Amino acid sequence: MADFQDLTLFWIKEMNIPVKHTTGEEAVLSLLQDAGPQASHVLESISQRGLPTRRVEAWHYTDLRNLLKHYPAVASSSESAAKNALAACKNPLPCVELPIINGGYCAELATTLPQKMLVASQTQTVDATDIASDDTIGLLNSGLVTGGLTIAVNDDAHIDDRICLSHIMTEENSAASRHNVKIGARASITLMERHLTTNSAAAVTNTVCDLELADNSIVTWVIDQQMSELATRFGQLNVKLGKQAELTILSLNSGCKLVRQEIRVEVLGEGSRLNISGVNLIGHDAHIDVTTKLDHLVPNTVSTETFRNVVAGNGRGVFQGQINVAQIAQGTDARMACNSLLLSDASEFSAKPELEIFADDVQCAHGATVSDIDENHLFYLMARGIPEKLSRDMLIKAFVAEVFDGLAVEQIGKELNNRIDNWLDNNG
Amino acid sequence: MLEIKNLHVKIIEDNTEIIRGLNLSVKAGEVAAIMGPNGSGKSTLSYVLAGKDNYEVTEGSVMLNGENILDMSPDERAVSGVFLAFQYPMEIPGVATMNFLKAAMNSQRKACGEGELSTPDFIRLVKESAGKLGVSMDILKRALNVGFSGGEKKRAEILQMALLEPSLCILDETDSGLDIDALKIVAEGVNALRDENRAFLVITHYQRLLEHIVPDTVHVLYRGRIIQSGDKSLALHLEENGYADVIASAA
């Protein structure tokens, strides 16, 4: 497929036919133009190739060229707006708040940090020429990034407070940020990315987080996206996992019109454990794509991925799960499951597992199911006097809640359950 | 209390008629046993009364306390007093048993215009009933029926019946899969609920259950109709002689 596209490109170049850009592409290009020299490579790349279509393997189920209808101007931040925004999006969980309002970090609104960790506001620059041509989120981020945080947790630090990066958009604007988080050896911490909008504005955000876990560290990373149903979000979490490190990732999508969330993990340390649990609640005409890529590069590591998706209305969901096991990565145990519940005839879910295994002594399993609510279960609940709507909601909740059962972070599980309730009230 | 007249029922999927002109009348306070060979329509009858939607009623009526229940959804029937103790209670992962019990009790109370139970009152009621039925509070902390033994599932059904206080209790082969001790406990639970305002429809293959839950009337269901009715001695007769002579004399 990629060859074919390159060939097309070649023809277009040779024949000197200008690529016709969509309005979405034009909006992106004009922002990249305004971004100046940092965006020159990306500008050239997107101007020539356009945004990815079905023909680009990594974007096969998310035809970005057709789905991205607009890309609003980059937001500017004012302190008073920030204060109101943070008040409007109050976190129900007690935590250390690091507010990133309209793409800008508001240090003056941040909660006092616990000891043994540092946070600095810093715009991360990356060399765009190092970014793969199909890594559209990375490319756009490198061109449009305006800020981000550098977070460092000391070796041996056990941070009890939950650290929360609250990304809040207040207008129909765009924002791109890149965070760099380094967890010291034997340290432990829970970090949360929240993504919110204060109104129903069609905001567009692009957030890349680079997370490094040093040896023997224990981290829980939560991605909680609850933006307006007109918003678009591009997210990328890039992880490097050290020896004996343990990482739990929880991802919940319950908003947005268009989401592409990528989780990419390089398993670099022996004996490390990775657990990814995700719930996607997809209603109205939302399109939510979660794409994971795990590279098991050393022996004796364990990874599990569990995704539960509920799709209602005209919603469309995508899960792409790639697991690569290098030849030396003997003893890898990698398991992936993606179960989806379709609540309407128009709803859709596409699941694509991709396993590439070069080692011979490994256990890899993957499974995907798509189903409707079990009529026998529904009848059982209704036969006890529980009305149909409540019975359905109970069953939907049961389907997704299993993912969050047995979480060490029980409070987060409870909060996520509340969010499921809210979504069901609007979409069930 | 329950008045079934000329009931005809088809399975929607394959259009097969299962119930073919069934008449049955059960008075308040009565325990009516329904017996019959395999495939006679016993379980279909229980599902049709509870409102499962795989069946189509083509003719006839089912009145409960003067109300036609055939137009009601399963939850409305439950509120009207129908309770089906399932032959195979569903295992529903992810739904906590206590949450389910609370939702069922409060939904029914709400439908009757009563206020919701407070959590302490709810727990007290469950503890009382569970204690009588030998249901441990531990299993009630699990997901609904998940990992319950056969006996625990049937006891949990009777527990639900006790908590929901229905007026028509349908026991669909409640004895299947029970050892003799569990059978006794379940039967005691049922007997404790016998009441002049409550009727029971006990569907069973065997006389054994009827030694513990002694019926007032016994009805033989064959090919979708009641072909003979009698008192408890009819069950004993069937136990000794099988269904052949009853079927022959009805033909």
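Okay, let me start with a question: why is α7(A) largely enclosed by the rest of the structure? Keep in mind that what we have here is a predicted model.

The answer comes from counting along the helix: six of the eight residues of α7(A) are buried, so the rest of the structure largely encloses it. The buried ones are A:His377, A:Leu378, A:Phe379, A:Tyr380, A:Leu381 and A:Met382. Buried, for us, is under 20% relative accessible area. At the start of the helix, A:Asp374 has a side-chain oxygen that comes to within 2.8 Å of the backbone nitrogen of A:Asn376.

Now, over to the partner chain. On chain A, 18 residues are in contact with chain B, and on chain B, 32 residues take part. About 1900 Å² is buried between the two, and carbon and sulfur atoms give 71% of that. As for who supplies chain A's share, A:Phe379, A:Tyr380 and A:Arg384 account for 41% of the area that chain A buries against chain B, more than any other three residues.

We get ten residue pairs in polar contact between chain A and chain B, with both residues at pLDDT 80 or more. On the chain A side, the elements giving two or more residues are α7 (375–382) and α8 (388–404). Of these, α7(A) gives the most, with seven residues. By class, that side of chain A has eleven nonpolar, three polar and four charged residues.

Terms used
Residues are numbered from 1 along each chain as its sequence is written. Chains are lettered from A and ligands numbered from 1 in the order in which they are written. This is a predicted model: local features need pLDDT of at least 70, side-chain atom pairs count only at pLDDT 80 or more; totals for chains, interfaces and linings use all residues. Side-chain values use heavy atoms; hydrogens and water are left out. Contact means heavy atoms within 4.5 Å. Buried area is the accessible area (1.4 Å probe) that two parts lose on being put together, summed over both. A polar contact is a pair of N or O atoms within 3.5 Å; within protein, one must be able to donate a hydrogen and the other to accept it, and residues adjacent in sequence count only if both atoms are side-chain atoms. Helices (H or I, at least four residues) and strands (E, at least two) are DSSP runs, numbered from the N terminus. Ala, Val, Leu, Ile, Met, Phe, Trp, Tyr, Cys and Pro count as nonpolar, Asp, Glu, Lys and Arg as charged, and the others, Gly among them, as polar. Buried means under 20% relative accessible area, exposed over 50%, partly exposed in between (1.4 Å probe, protein chains only).
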